[in-house]
Amino acid sequence: MGIVKIADELHEEIRKASGAMSRSINAQAEFWLKMGMLAELHPSHNYHQLVVMMLQQADVKLAGGADERRSA
């Protein structure tokens, strides 16, 4: 694990978002990093589609079944 330097203002926004999303500060930062990376790799996908991709990669069984998979 390494250390990443970020602006104090961004750290404050991560801290606030982590409280709202019930995540640790590190988990919130990691989530935003993953989402940003996925968004760059899949620019035609929307947020929902990216989240579905992450859930499928984690082998989470989605309630919508095949319908959810088609949106990814």
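**Salt bridges and a helix pair**

Asp59 is exposed, at 56% relative accessible area (buried means under 20%, exposed over 50%, partly exposed in between, with a 1.4 Å probe and protein chains only). This is a predicted model, where local features need pLDDT of at least 70, side-chain atom pairs count only at pLDDT 80 or more, and totals for chains, interfaces and linings use all residues. Residues are numbered from 1 along each chain as its sequence is written, and side-chain values use heavy atoms, leaving out hydrogens and water.

Asp59 pairs with Lys61 in a salt bridge, closest N and O atoms 3.5 Å apart; the term needs a side-chain nitrogen of Lys or Arg within 4 Å of a carboxyl oxygen of Asp or Glu. Lys61 is exposed too, at 65%.

The structure holds four salt bridges. One of them joins Glu13 and Lys16 at 2.9 Å, N to O. Both residues lie in helix H1, three residues apart, about one turn; helices here are DSSP runs of H or I, at least four residues, numbered from the N terminus. Glu13 is partly exposed at 39%, and Lys16 is partly exposed at 42%.

Now the helix pair. H1 (residues 8–20) and H2 (residues 25–41) pack at about 105°, axes 8 Å apart. Axes are lines fitted to C-alpha atoms over the stretch in contact, and angles run from 0 to 180 degrees between N-to-C directions. The two helices are therefore roughly perpendicular, a label covering 65 to 115 degrees.

Notes
Parallel < 35°, antiparallel > 145°, perpendicular 65-115°, else oblique.
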